[in-house]
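Subject: Structure handover

Hello,

Here is the structure we talked about, with the sequence alongside. My notes on what turned up follow below.

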Amino acid sequence: MSVQSAAADVDVDLRQLFASLARNWVRIVFVTLLATGLAFAFAWLATPYYKATAKLEIGSRESEYTRPPGTNDDEKPILDEQGVATQVQIISSPDILKQVATKLNLDKLPEFDETLKMSTLGRMLVLVGLKSDPFDIAPEERVLNAMHDKLNVYAVEKTRAIAIEFASKDPKLAADIANGIANAYIASKGDAKLESNAAATDFLAPEIADLQNRVKDAEAKVAAFRAQSDLLMGGNNAVLPTQQLAELSSELSRVRASRAAAEASAESVRRALQNGGSLDSVPEVLSSDLIQRLRERQVELRANIADLSTTLLDNHPRIRALKSQLADLDGQIGNEAQKIIRGLAAQAQTAKAREDQLVADVNTLKAASARAGEQQVQLDALQRDANVQRQQLESYMTSYNAVASRKDRKYSPVAASLIASAQVPSQPYFPKIGPITGAAAAASLLLMAIGTLLGELFSGRAMRPAAGARFTDIEQVAMPVARVEPTVVEAHDGGRAFAPYEEAAAAHSIAESEFPRPAERDLAEARAAAVKQAGPSELTPEPRQSRLGEIDVDKAAEKLIASGAARAIFVSPEGDEAAASAVLVAREVSDAGLRVLLLDLTASGAASLPMLDTSLFPGITNLLASEAQFSDVIHPDLYSDAHVIPVGTADPVRAMRAADRLPIIMQSLTTAYDLVVVECGPADAQGIGRLVGDGTEVFLSMLEADDQVTQAAVKLIENGYPNLTLVTPVGHEPPGTPVPGRRSAA
């Protein structure tokens with residue numbers, strides 16, 4: 001769904017628009033000069049204010065010669081953005097300002113205490129309640145409030161410097177207060193350090209005395225426990241049982257190794273003898289001197305036997321004697337081997353006995369070492385406690401000596417210094433006559449020019465037809481013509497026509513035009529006779545001025561546009577023919593460039609049929625019956641830029657069951673459109689109750705003033721619609737310049 005506004009047929013004439021500046025140059029120049037003069041007078045007469053600035057540096061000021069031992073500047077935290085901002089708040093704190101105010105006696109100056117010299121205008125403002133009474137505020141608070149208003153403390157960007165600005169009518173006082181605040185801040189930081197040092201010494205002195213006693217007690221406990229437990233220290237800082245256990249364990253290992261070696265040697269000799277093997281491979285046999293000599297003698301005898309065997313036989317006495325000697329040597333070697341075996345066995349038994357003894361000693365020392373370990377744990381705990389207390393005592397003693405020396409000499413370096421003292425300003429910072437006057441002139445000139453251009457634009461004088469727009473003839477669709485009949489006046493009405501309606505009109509609920517009087521009956525009768533005598537071609541009435549209190553379509557459209565109404569409710573007691581008023585008003589407002597929608601709630605679709613040329617489109621009944629959506633029931637008018645929701649094709653009975661949804665639908669439509677026109681037909685006040693909302697205008701559409709119209713109007717007024725307006729389509733003429741592609745319904 002698209003809306004094509006009538007404003008698309010016109011363009012802005014820039015030449016005409018800016019020519020309005022030349023036409024209104026006198027007014028623009030006059031207002032500009034007036035504003036400039038007022039600004040100049042204000043700047044000239046305003047009290048001058050002077051601003052002085054002092055600057056502080058936030059950083060460490062400790063000398064390397066006075067710094068406590070074991071510390072350096074690198075260990076101190078550097079103030080970040082938040083730290084500098086905290087110092088800004090401290091500088092502007094009430095305590096600092098109170099010190100400066102007391103030192104400079106600011107409470108005696110009218111600039112800081114307006115009660116000392118209050119103007120007549122100020123007293124009048126207090127009396128009428130437009131200004132708080134300064135006497136209700138404490139004098140000290142009045143001075144602090146004035147100082148806060150004139151003080152500006154801020155951190156210099158990308159530095160650790162803080163600027164202190166103070167404004168005053170007296171330039172010297174401004175400099176004195178800025179410097180006073182800076183010096184008071186530095187002094188307060190020094191006093192805070194002195195107080196901190198004094199508090200530290202007051203805390204450390206009793207703590208040191210207490211720690212000394214606790215260190216003595218702890219060391220005494222260590223010595224007493226050491227003597228009681230008989231913990232003798234050996235080598236490697238170990239207790240004696242533990243050291244002995246280590247030595248016996250080493251000896252036990254050595255004895256076990258010796259026993260194992262003896263048993264292995266004896267077993268090897270025994271196997272050699274049992275198996276008849278050679279004893280030369282046994283290390284213990286080889287190490288025996290006797291066996292070695294016997295082996296040498298055995299070798300010698302074998303050599304002799306071998307020599308004699310070359311000349312003598314085996315039974316020779318000499319050979320037999322040598323062989324006998326050789327056999328004796330083998331027996332001796334065997335005996336010696338047995339002795340070696342017995343020696344090795346004895347050695348193994350000795351090692352076994354020694355091993356058993358060492359095992360017993362080790363077990364004894366294990367129990368003693370375990371007891372000594374437990375006692376050593378207790379001793380170590382006592383020793384640690386004594387060491388910790390001694391270290392704490394030494395730390396407290398070091399800090400106490402450093403703090404006590406600073407306290408005695410009152411040395412307290414602060415982390416701030418004055419890097420630029422405030423100088424007495426020679427020029428006021430306010431008011432600046434040139435900039436204020438120039439800004440006022442430029443602003444007033446610009447505003448007057450913009451106002452003139454907007455006025456010219458909204459008046460329509462700067463509009464011209466769009467280039468290339470071509471217009472065609474429009475097709476005239478005939479609308480109903482009012483019947484002209486003589487006015488009937490009843491005698492009991494006191495000679496007034498439509499007396500009940502006229503009484504309602506007296507309350508300014510309808511248009512201000514008067515009703516017809518009895519003296520005008522002749523004119524009405526003459527017009528009726530003229531209509532009867534006229535031919536069929538002369539039946540079209542001439543445009544007339546209403547004398548019945550109603551307004552025409554153009555006036556109704558102008559009223560809706562001027563009032564900014566969001567809803568226009570039309571009631572037509574005369575039936576379908578009077579519904580033309582709603583159609584014509586909707587088209588007139590749409591031609592003015594507003595987004596307009598007509599909602600047809602008549603039973604026959606009398607309002608939507610002239611706009612759509614058919615009654616087959618879905619409409620409000622389909623929407624209420626939940627058979628369609630908004631996009632399905634909104635259709636463009638064939639002859640204007642307005643939109644229309646017809647009656648629809650759904651079952652009316654089913655649709656009216658959901659009549660409670662009408663307020664929601666109306667709210668949605670007023671959100672999307674500038675104006676929603678509702679044609680209700682011959683409805684009463686109760687019938688239109690669901691359609692009325694904020695920004696609603698109620699119209700009664702009529703073709704001629706008869707009793708039916710009068711009674712309908714009176715009932716609507718009596719039921720809560722006193723601002724009822726009568727509107728008639730009779731005599732309406734279409735605009736002189738038709739819109740391309742449209743036909744008129746008038």
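I start with a loop residue. D613 counts as partly exposed, at 46% relative accessibility. Its place is the loop between α17 (609-612) and α18 (620-624). D613 is not a glycine, yet its phi is positive, at about 65 degrees. Please keep in mind throughout that this is a predicted model.

K158 is another non-glycine residue with a positive phi, in this case of about 60 degrees. K158 sits in the loop between β3 (151-155) and β4 (161-168). With a relative accessible area of 82%, K158 counts as exposed, because the cut-off for that class is over 50%.

One peptide bond also deserves a note. The bond from F430 to P431 is cis, with omega near 0 degrees. P431 belongs to the loop that runs between β5 (416-420) and α12 (433-459).

Now the chain as a whole. The protein chain has 22 helices and 14 strands. It has 746 residues, of which 37% count as buried. Taking contacts between residues at least 6 apart in sequence, 80% join residues at least 24 apart.

Next, the sheets. Four strands make up an open sheet with antiparallel pairing, in the order β3-β4-β2-β5. β3 and β5 are the edge strands, and each of them pairs on one side only. Direction ignored, neighbouring strands in this sheet are turned against each other by 25 degrees on average. Within the sheet, β2 (residues 50-58) and β4 are joined by eight bridges in the antiparallel sense. In this pairing, T53 stands opposite E165 of β4. Helix α6 (residues 139-150) packs on the sheet and touches β3 and β4. The direction of α6 makes about 50 degrees with that of β3.

There is also an open sheet of eight strands, with mixed pairing. The strand order there is β7-β14-β13-β8-β12-β9-β11-β10. β7 (551-552) and β10 (635-636) each have a single partner strand, so one side of each is left without a neighbour in the sheet. Inside the sheet, β13 (residues 696-701) and β14 (residues 725-728) pair in the parallel sense over three bridges. L700 has L726 in β14 as its bridge partner. Helix α16 (residues 580-591) packs on this sheet, where it touches β8 (567-571), β9 (596-600), β12 (675-679), β13 and β14. The direction of α16 makes about 165 degrees with that of β9.

Last, a pair of helices. Two packed helices are described by the angle between their axes and the distance between the axes. For helix α4 (residues 94-104) and helix α7 (residues 171-229), the axes come within 9 Å and cross at roughly 125 degrees. That angle makes α4 oblique to α7. The crossing of the two helices is right-handed.

Which residues of α4 and α7 meet? On the α4 side they are I96, L97, Q99, V100 and L104. On the α7 side they are D176, I177, G180, I181, A184, Y185 and S188. The residues in this contact divide into eight nonpolar, three polar and one charged.

Regards

Notes
Residues are numbered from 1 along each chain as its sequence is written. This is a predicted model: local features need pLDDT of at least 70, side-chain atom pairs count only at pLDDT 80 or more; totals for chains, interfaces and linings use all residues. Side-chain values use heavy atoms; hydrogens and water are left out. Axes are lines fitted to C-alpha atoms, for helices over the stretch in contact, and angles run from 0 to 180 degrees between N-to-C directions. Angles under 35 degrees count as roughly parallel, over 145 as roughly antiparallel, 65 to 115 as roughly perpendicular and the rest as oblique. A crossing is left-handed if the near helix is turned anticlockwise from the far one by less than a right angle, and right-handed if clockwise. Contact means heavy atoms within 4.5 Å. Ala, Val, Leu, Ile, Met, Phe, Trp, Tyr, Cys and Pro count as nonpolar, Asp, Glu, Lys and Arg as charged, and the others, Gly among them, as polar. Two strands pair if DSSP finds at least two bridges between them. Buried means under 20% relative accessible area, exposed over 50%, partly exposed in between (1.4 Å probe, protein chains only).
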